[in-house]
Each structure stands twice: as structure tokens, then as C-alpha cells.
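I opened this notebook to record what I looked up in the structure. The entries follow the order in which I consulted it.

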Amino acid sequence: MIKFVGGFERVRDLPQTQFSEYAFAGRSNVGKSSLINAVLGENVARTSNTPGRTQALNMFNINDKIIILDLPGYGYARVSRAESERWLLRFQEYIMTRRQLKRLFILIDSRIGPRDSDLELLEFCDANGISYQIVYTKKDKRVREKEQTVICANAHPAMVDDIIETSAEKKYGIEKLRAIIGIK
């Protein structure tokens, strides 16, 4: 059973649970909510064509065993600089303080590759020992930028070696994510 626990503006408002947490982060419009819906097999995360729609820490409880977090996007949303900075600080607070966080999935749009904001997040996680895994989204779509920065696990000590390629629409890579999270 999947239950929407709530959308939280502050990290300190998140319920303390003993359940393992898996968080999905990425630039605005990378497909976080669509991927979460595909992994959960239900349309529980709100999707939109408007970048930056997810603005809260959206928490989902899976069978009273696992917590999934849909984190606000970064890098593209049309919000003020002050609001963007507030999101970044909240995101950093979340990944630095949540003991329950088992894996941070950093989503990158496979059509365009990693941007500076993605690479800065990888460096932040590496510097702070936050385990993360790269997930390429939209693998079923046509590549828009042929020359892309290649992410090499050797250069990122906190990164899980296995990069996962997914398509929420075609359900490619979804079972692999479900296995990592522990969803049957």
C-alpha cells in the first residue's frame, strides 16, 4: 500500500521513522515524479510539464517499510534567486541530517547530460560522504546534445558504480530501481 505522507516545507517537519528512505533528486524537468510513479506502479507523485512544479519535500510511505522522497528540482525552475537558494539549503540539510537516507538517486536527463548544477551536487555528495547513484532518465527520447560530459565513478568516491538508465514511459530500468529500493 502506498500512502502520501505529505509535502513538507522544512526538513525538521518530516516525520521521524525507522523506515529506510530513498530520495530522488535532479534538475527541474528531469522526470523525477514520472520516474517515481513508474517505480511505484501508481500515479502518486504529481507530474507537470512546467519545470519546478515540485516545491516541497514530498514523502511517500510504501507498505510501512520504505519511504520515498520526491525532492524539489534544481537548476532550471523560474523562481527567484532567493527561493532557489532556500531550496538548495533545504536539500543540503535533508541529505546531511537524515539518518534514514539509504540512497540518494541523482537523476540526469540522458538527452542533454549532466549540467554544472548536477556536477556541483556530485562534488557536494563526494565531499560529505553522501552515497548516491546516478540515474539517467528519458532514455527512450532522442539525444539533443551529442557532446556530453561523461561521469566516471573513479572520480567520485561516494558514487555507487552502477549507473542506471531508465525510461518512465517505456518502463526501461524500472525493475532495477525497484530491486535496489526493495519494492516487489
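The model is a predicted one.

I then examined the two strands concerned. Strand E5 covers residues 101–109 and strand E6 covers residues 132–137; they pair in the parallel sense, over six bridges. I noted that helix H3 (residues 116–128) packs on the sheet and touches E5 and E6. The direction of H3 makes about 160° with that of E5.

Next I traced the whole sheet. I recorded an open sheet of seven strands in the order E1-E3-E4-E2-E5-E6-E7, with mixed pairing. Strand E1 (2–8) and strand E7 (164–165) are the edge strands, each pairing on one side only.

I also looked up helix H4, residues 174–181. H4 runs at about 160° to E5 and lies across strand E2 (20–26), strand E4 (66–70), E5, E6 and E7.

Which residues of the largest nonpolar core touch the most other members? I found Leu69, Leu71, Tyr94, Leu104, Ile106, Tyr132 and Ile134, out of 30 residues in that core. At least two residues of this core come from each of E2, strand E3 (57–62), E4, helix H2 (81–97), E5, H3 and E6. E5 gives the most, with four residues.

Leaving aside residues up to four places away in sequence, I listed among its contacts Ala25, Tyr74, Leu121, Leu122, Cys125, Tyr132 and Ile134.

Finally, I noted a second, separate core of 22 residues, including Tyr22, Ile66, Phe105 and Ile174.

Conventions
Residues are numbered from 1 along each chain as its sequence is written. This is a predicted model: local features need pLDDT of at least 70, side-chain atom pairs count only at pLDDT 80 or more; totals for chains, interfaces and linings use all residues. Side-chain values use heavy atoms; hydrogens and water are left out. Two strands pair if DSSP finds at least two bridges between them. Contact means heavy atoms within 4.5 Å. Axes are lines fitted to C-alpha atoms, for helices over the stretch in contact, and angles run from 0 to 180 degrees between N-to-C directions. A nonpolar core is a set of buried Ala, Val, Leu, Ile, Met, Phe, Trp, Tyr and Cys residues joined through side-chain atoms within 4.5 Å. Buried means under 20% relative accessible area, exposed over 50%, partly exposed in between (1.4 Å probe, protein chains only).
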